[in-house]
Amino acid sequence: MLRIEGLTAEVDGKEILKGIDLEVPTGEVHAIMGPNGSGKSTLSYVLAGRDGYEVTGGTATFDGVDLLGKAPEERAALGVFLAFQYPVELPGVGNANFLRTALNAVRRGRGESELDAMQFLKVARARMKELSMPEDMLKRGVNVGFSGGEKKRNEVLQMALLAPKLAILDETDSGLDIDALKIASDGVNALRGPDFSALVITHYQRLLTYIVPDRVHVLMAGRIVRSGGKELALELEASGYGAPQAA
Amino acid sequence: MSQVVHTGAEGFLHRYEGLKDRLPGARLPWLAALRAKAAESFRAQGFPTRRVEAWHYTDLRQVTQASFDEALTLVQDDIVLPKAHTANRVVFVDGRLRSDLSSWPTMATVASQIGRIEGRVMLPEEPMAALNTMLFEDGMLLNIPAGTDAGVLEILSIASASARPTAFHLRHIVRLHEGAKLTVLEVNQGPAATRYLHNPVWQVEVGEGASFTHARLQQEGALAFQLGSIYATVAAGGTYDNFTLNAGGRLVRNEIHATLTGTGATCHMNGAQLLSDGQHADTTTFLDHAAPGCASRQTYKTVLTGKSRGVFQGKILVRQAAQQTDGYQMNQALLLSPDAEMDSKPQLEIYADDVKCSHGATVGELDADQLFYLRARGIDEATARSMLVRAFLQEAVEGIADETLRDALESAVEGWWEHQGDRHS
Ligand SMILES: Nc1ncnc2c1ncn2[C@@H]1O[C@H](COP(=O)(O)OP(=O)(O)OP(=O)(O)O)[C@@H](O)[C@H]1O
Ligand SMILES: [Mg+2]
């Protein structure tokens, strides 16, 4: 279970998260919606451990383990995965090498054996097929020259390979065409189960018809201002976020 | 009574005076005359100081304040050679051929058969080349007949351990006749605790349609000075492909002069400099486009850790006759430490009007977003950094088609990086 209490954080001296309280019980999928600039990506970066995002108060634990004091790779080893809103290009780093290095790092952390190049290729090819990704994407530099949608698919591929316990999807739907949205959602749904939870950040109700959330939260100006069931997304779609309300 | 210690240029001139009757080929009038001329040139110029424009960023005082001895002529049998990369390898120890440790293809001649090089030894005007001409004892003469593919040859220069600083000056002469092909892997190594000066000069002549691939692994000992120069000419349709990995040595200069003399000649000069605390490495290139329709490509990457200093100077000269020149030069540095320093000086001098010439230089640190992306995928920081450093070097290395060369380079890069791990984490 992901438990966030009173979390405040600043970037470049500017307070962005102003006291977040949020619980995602194991096995559940929660959605976060909210206007541009409200702090959704900031929350995801703070949970993943990005430098420059300074936590000034509160706690965040995953299965009882404090996340905030840990290095990004340690969080990944605990099973936390962030699908980036803006995936990073790594020229000169081959996608296959990147994916295998990541997978083996996470497998080591789980006490599993490492995969050699052949074993890895077999697994990667199977996942890529499920995601309708052309195999030559393995040969290219990580995200280099990928279209916006291809980058997002590459994020979903990484998630599928690393099989996290907690996936934070930051606008993974943005930039995906209709078919890809369906395929990516299937990728998330395939992981769903009693040991998997997810925090799905999105602007669009459409995604939530594919990945049906257990709860929907509204983040505005650094705070969760509303929470509800999946129907809240429909309501927001119809009426917008409106004027900021008191929490 | 104390012995007079000769340092700097005077030390080498003194040595030349004492040795000139015993240097290889001393009885050949043409060579004796050439050496005398070289001595005159070196005497007039001395070691370059920072006041000389081409040496502005590289201070040779460490070299000129030391006093160097001849390497002992004793055959040292305890020398440990690194593993050979190719079937044929020619080994020079302290600048002298060790035929007992070497094997070479039939078309290669060793220059200590000094009579064979008559008419082939040139005297460049630069002082380090003059010093080499004055004192060289040995080197390769590679004369590849027209239309012959001579395959891959490794040339190893290794310094032996010595209590006193030593100096040696290899002179290699390579000539590829029309349509010939040759690949050389040049490896330079030496013991970590010996101070020595290695001052090699390569003369390279690539004939029409010929192709010479020349990869250099500069892995001299940690106290060593290497001041090397290459003088290459490329005739019509010919290709000179140089890749230099500067990883060893304390003070290193890799100076390359290439002149494209015939229509459609091509020159690639790529390289990587991997520098650790206390090292200084300088890559200086002169690309002379003297004929029309020639292409040149230069990509140099420098990675610096600790208190190290890197220099890149690259001049592209496009003469009036050299229409339709296609020239490109890129020089990038990655600073992994706040104490490291990189100086870059690209220079274009263009006298033709129909040319395509570009150059660029960047100096930066590892990208924080890229590092975070890798770490967020579970990759530990040290591995993530190493992946990004290799990625940075990739572009300079990827042009190397020959697998032997590529493997040799990649393991050298790996070795360097692992050594960094010992120092930092
Ligand atoms: N380095 C920074 N300095 C100052 N403000 C910053 C910095 N980085 C982010 N911010 C601000 O933090 C706020 C929250 O940004 P964040 O990216 O978390 O929003 P978001 O909810 O993800 O928005 P979107 O829906 O557009 O993705 C924004 O107002 C943004 O301008
Ligand atoms: Mg965002």
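**Where chain A meets chain B**

Chain A and chain B bury about 1900 Å² between them, and 67% of that area lies on carbon and sulfur atoms. The model is a predicted one. To the contact, chain A brings 31 residues and chain B brings 17 residues.

Start with the charged links. The rule finds three salt bridges across the interface of chain A and chain B. One of them can be followed atom by atom. B:Arg375 pairs with A:Glu73 in a salt bridge, and their closest N and O atoms are 2.7 Å apart.

Now look at the side of chain A that touches chain B. H3(A) gives the most, with six residues. By residue type, this side of chain A divides into 21 nonpolar, six polar and four charged.

Turn next to the magnesium ion, ligand 2. Which atoms coordinate the magnesium ion? They are OG of A:Ser41 and OE1 of A:Gln85, at 2.0 to 2.1 Å. A:Ser41 sits in helix H1 of chain A, while A:Gln85 sits in the loop between E6 and E7 of chain A, so the pair ties together parts that are 44 residues apart in sequence. Are these two residues buried or exposed? Both A:Ser41 and A:Gln85 are buried.

Conventions: Residues numbered from 1 in each chain as written. Chains lettered and ligands numbered in written order. Predicted model: local features only at pLDDT ≥ 70, side-chain atom pairs only at ≥ 80, totals over all residues. Heavy atoms only, no water. Contact = heavy atoms within 4.5 Å. Buried area = accessible area lost by both parts, 1.4 Å probe. Salt bridge = Lys/Arg side-chain N within 4 Å of Asp/Glu carboxyl O. Helix = DSSP H or I, 4+ residues; strand = E, 2+ residues; numbered from the N terminus. Nonpolar A, V, L, I, M, F, W, Y, C, P; charged D, E, K, R; others polar. Donors = N, O, S within 2.8 Å, 3.2 Å for Na, K, Ca; no water. Buried < 20%, exposed > 50% of the residue type's maximum accessible area, 1.4 Å probe, protein only.
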